[in-house]
Amino acid sequence: MNQSEFNIHALYDNDHLMINSIKILIKKKITIYEVYTPFPVHNLDKLLDLKKTNLSFLSFLYGFFGFFLASILTWYTMIYDWPQNIGGKPSFSWFRNLPSFIPVIFEFSIFFSAHFMCITYLIQCKLFPGSYPKNPDPRTTDNIFLIEINTKNNVEKLLNLLKKNGAMEVNVKKIV
């Protein structure tokens with residue numbers, strides 16, 4: 001006998017109701033496929049036991065790349081290619097002129113970190129121009145919270161549980 005798989009969307013108008021419902025679903029060992037919220041919900045990642053991303057490490061690498069590039073740029077332009085006597089400072093040593101290069105190095109580090117992090121985020125979330133939205137209900141971008149569950153067993157019992165725990169709307173779709 002082939003059991004059908006169902007995709008259940010439980011919609012909430014309050015983040016506290018959604019969190020309580022998630023805790024109950026976790027206690028009943030029901031696997032939550034995805035949660036959509038209009039704003040970040042504190043500790044939701046810990047509640048869903050999501051793995052830590054490597055975005056902070058990538059941000060450090062991008063900032064370090066900007067630091068390295070700015071250091072090379074300041075050395076090349078101000079020491080090697082076109083040395084100038086500014087304020088009586090020696091133009092033959094990058095290290096002695098380092099305090100005047102700090103603003104440029106800092107700005108390059110922040111610039112590279114911020115811009116490459118935006119690009120990395122867009123690639124990781126697959127948000128390319130012309131891509132289709134992944135959220136199943138457009139109201140999740142305004143004021144509605146959604147829990148998505150994929151299940152094969154006892155759909156009626158799960159629907160009653162979700163409605164009992166504050167779901168304002170529950171939609172069921174059969175997955176082919």
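# Close-up views of a predicted model

Although Asp49 is not a glycine, its phi is positive, at about 55°.

**Lys126, a residue of the loop between H4 and S3.** Lys126 is located in the loop that links H4 with S3, and its backbone has a positive phi of about 55° although the residue is not a glycine. Its relative accessible area is 57%, and Lys126 is therefore classed as exposed.

**The open sheet of four strands.** The sheet has 4 strands in the order S2-S3-S1-S4, is open, and is paired in the antiparallel sense. From one strand to the next the twist averages 20°. As background to this view, the strands of a sheet pair through backbone hydrogen bonds, in either a parallel or an antiparallel arrangement.

**Strand S3 and its two partner strands.** Strand S1, made of residues 5-12, pairs with S3 over 7 bridges in the antiparallel sense; within S3, Thr151 stands opposite Phe6, and Leu146 stands opposite Leu11. S2 and S3 likewise run antiparallel and are joined by 3 bridges, and here Val35 has Ile147 of S3 as its bridge partner. Of the 7 residues of S3, 6 are buried, so the strand is largely enclosed by the rest of the structure.

**Helices H1 and H5 against the sheet.** Helix H1 (residues 15-27) packs on the sheet, where it touches S1, S2 and S3, and its direction makes an angle of about 20° with that of S3. Helix H5 lies across S1, S3 and S4, and runs at about 10° to S1.

**Glu148, a buried charged residue of S3.** Glu148 has its place in strand S3, and its relative accessibility of 8% means that it counts as buried, since the limit for that class is under 20%; by residue type, Glu counts as charged. Setting aside residues up to four places away in sequence, Glu148 touches Asn7, Ile8, His9, Ile32, Tyr33, Glu34, Tyr36 and Pro136. Between Glu148 and Gly66, which are 82 residues apart in sequence, the C-alpha to C-alpha distance is 40 Å.

**Phe67, a partly exposed residue of helix H3.** Phe67 is found in helix H3, and with a relative accessible area of 38% it is classed as partly exposed. When its neighbours within four places in sequence are left aside, Phe67 is in contact with Ile105 and Ser109. The C-alpha atoms of Phe67 and Ile22 are 43 Å apart in space, while the two residues are 45 residues apart in sequence.

**The largest pocket and its lining.** The largest pocket holds about 1,600 Å³ of space. It is lined by 34 residues, of which Glu34, Val35, Leu50, Tyr121 and Cys125 are the closest to its centre. The elements that give two or more residues to this lining are strand S2 (34-36), helix H2 (44-47) and helix H4 (98-124), and the largest share, 3 residues, comes from S2. By residue type, the lining of the largest pocket divides into 19 nonpolar, 8 polar and 7 charged residues.

**The second largest pocket and its lining.** About 250 Å³ of space lies in the second largest pocket. Its lining consists of Lys28, Lys29, Ile30, Thr31, Ile149, Asn150, Thr151, Asn153, Asn154, Lys157, Leu158 and Leu161. At least two of the lining residues are supplied by each of strand S3 (145-151) and helix H5 (155-164). The lining of the second largest pocket divides into 4 nonpolar, 5 polar and 3 charged residues. Thr151, listed in this lining, is also the residue of S3 that stands opposite Phe6.

Methods. Residues are numbered from 1 along each chain as its sequence is written. This is a predicted model: local features need pLDDT of at least 70, side-chain atom pairs count only at pLDDT 80 or more; totals for chains, interfaces and linings use all residues. Side-chain values use heavy atoms; hydrogens and water are left out. On a 1 Å grid over the protein atoms alone, a cavity is a set of points where a 1.4 Å probe fits but cannot get out, and a pocket is an open set with protein on both sides within 12 Å along at least five of seven lines; lining residues have an atom within 4 Å of a point. Grid points are joined across faces, edges and corners, and a volume is the space filled by probe spheres set on the points. Buried means under 20% relative accessible area, exposed over 50%, partly exposed in between (1.4 Å probe, protein chains only). Two strands pair if DSSP finds at least two bridges between them. Axes are lines fitted to C-alpha atoms, for helices over the stretch in contact, and angles run from 0 to 180 degrees between N-to-C directions. Contact means heavy atoms within 4.5 Å.
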